[in-house]
Amino acid sequence: MSKLTVHQIISAHKENQVLNHIDLTLKEGEIGCLLGPSGCGKTTLLMCIAGLQPVQGGEIYLDGQLISSKNFQLATEQRNIGMVFQDYALFPHMTIEKNIAFGIPGLNRKERKQRINQLLDLVGLTGFNTRYPHELSGGQQQRIALARALAPKPDILLLDEPFSGLDVELRELLAHEVRSILKTEGITALMVTHNQNEAFAIADSVGVMKDGKLLQWDTPYNIYHQPAHPFIADFIGQGALIEGTVCDCHQVLTQLGLLKTSLPFGATIGDKVSVLVRPDDIRHNDESDWQLEVTNRAFRGSHFLFTLKLPDGEHVLCMSHSHHDHPVGTKIGIELEMDHAIAFPHQKGDTDESFTKLMENN
């Protein structure tokens with residue numbers, strides 16, 4: 001049985017439908033993450049699960065028990081759900097010990113003290129009992145917020161943009177640490193973020209949302225390598241959509257040659273499709289006879305990200321070690337390293353829009 005089941009959830013604000021028939025499940029001890037741009041409905045879904053917002057359709061189950069539907073709403077305090085907010089929501093006038101103890105009033109003094117010390121050990125802040133929130137760094141405050149949410153041993157933990165106030169390097173580091181803590185405690189969790197590095201660092205399953213719809217719920221690997229929608233291909237990682245022509249149900253002809261693919265959307269021979277090309281699909285090789293012109297480059301320290309122009313004017317990306325320094329306007333040798341291409345139904349403007357975003361990302 002799944003720990004959390006979200007079935008066909010609909011949520012609306014006045015005339016605006018915020019969530020459109022959302023389905024997802026989380027198993028016991030699984031960590032899920034919702035990715036998507038601002039306004040796509042990620043946080044609304046979290047609020048519906050927490051009981052802070054009603055649903056207009058569908059059902060939400062926790063441990064097989066109905067907690068939300070159009071005609072029923074279990075009170076938030078009866079759901080045994082923990083929450084970690086992006087602003088930490090720590091009480092500034094309370095010590096760290098009292099902040100954590102706030103969520104476990106039912107324990108006696110000895111049990112409460114043991115649980116607090118256990119959690120401080122777990123989050124790597126042993127001995128911080130008598131300090132106040134303002135005496136801690138942002139990362140330390142986030143750990144305390146996590147400890148407080150874990151204190152009552154919730155059935156599920158919800159995290160709303162928990163690392164948004166931290167610098168980029170600390171975000172990913174803390175995401176790894178939080179994953180380790182949640183796995184140690186055996187906690188099922190669902191996090192909301194717009195940062196894919198955080199999502200990939202912490203999650204077992206990732207969902208990408210757009211305009212209130214959950215486009216794909218899958219492993220991080222499949223979300224990146226086998227996106228189910230052109231938006232996901234563009235939103236996750238870097239890449240470009242180039243035009244291809246269907247040769248048969250397993251091959252597409254592009255400016256990069258004949259590529260193996262699958263066409264689940266019913267394309268027929270001769271149809272135009274859009275093919276996703278990631279930077280890691282193209283390998284830089286100075287010895288190759290296949291030469292493409294560098295039209296842009298971005299220095300990333302350990303590597304360059306080159307924008308290369310194909311014969312028909314389309315563009316793709318290629319990553320190369322930083323000691324391969326090639327100026328714009330020169331040509332570099334490439335090799336294709338693409339085991340399986342991802343193709344989508346072609347719509348006019350796909351490749352132009354992809355290239356525009358590609359240049360903006362560079």
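Colleague: How exposed is E243?
Modeller: This is a predicted model, and in the model E243 is partly exposed, with a relative accessible area of 33%.

Colleague: Which side chain does E243 meet in a salt bridge?
Modeller: That of K272, at 3.6 Å from N to O. E243 sits in strand β11 and K272 in strand β14, 29 residues apart, so the pair links distant parts of the chain. K272 is partly exposed, with a relative accessible area of 43%.

Colleague: How many salt bridges are there in the whole structure?
Modeller: A search finds 15. One of them joins D204 and R179, whose closest N and O atoms are 3.0 Å apart. D204 lies in the loop between α6 and β9, while R179 is in helix α5, 25 residues apart.

Colleague: And what about R283, which residue is its partner?
Modeller: R283 meets E337, at 2.9 Å from N to O. R283 is in strand β15 and E337 is in the loop between β19 and β20, 54 residues apart. E337 counts as partly exposed because its relative accessibility is 44%, and buried would need a value under 20%.

Colleague: Which residues do salt bridges with shared partners join into one network?
Modeller: K3, E28, D63 and D155.

Colleague: New topic. In what order do the strands of the open sheet come?
Modeller: The order is β2-β1-β4-β5, with antiparallel pairing. The edge strands are β2 and β5, each pairing on one side only. On average, neighbouring strands of this sheet are turned by 25 degrees against each other, direction ignored.

Colleague: How many bridges do β1 and β2 pair over?
Modeller: Seven, in the antiparallel sense. In this pairing S11 stands opposite L19 in β2.

Colleague: Which helix lies across β1, β2, β4 and β5?
Modeller: Helix α1, residues 42-50, which runs at about 65 degrees to β2.

Colleague: Is α1 mostly covered or mostly exposed?
Modeller: Mostly covered, with eight of its nine residues buried. The buried ones include L45, L46 and I49. Just after α1, G51 takes a positive phi of about 85 degrees.

Colleague: Last one. Is S69 buried or exposed?
Modeller: S69 counts as buried because its relative accessibility is 13%, and the cut-off for buried is under 20%. S69 is placed in strand β5.

Colleague: Which residues does S69 contact, leaving aside its neighbours within four places in sequence?
Modeller: V55, G58 and E59.

Terms used: Residues are numbered from 1 along each chain as its sequence is written. This is a predicted model: local features need pLDDT of at least 70, side-chain atom pairs count only at pLDDT 80 or more; totals for chains, interfaces and linings use all residues. Side-chain values use heavy atoms; hydrogens and water are left out. Two strands pair if DSSP finds at least two bridges between them. Helices (H or I, at least four residues) and strands (E, at least two) are DSSP runs, numbered from the N terminus. Axes are lines fitted to C-alpha atoms, for helices over the stretch in contact, and angles run from 0 to 180 degrees between N-to-C directions. Contact means heavy atoms within 4.5 Å. Buried means under 20% relative accessible area, exposed over 50%, partly exposed in between (1.4 Å probe, protein chains only). A salt bridge is a side-chain nitrogen of Lys or Arg within 4 Å of a carboxyl oxygen of Asp or Glu.
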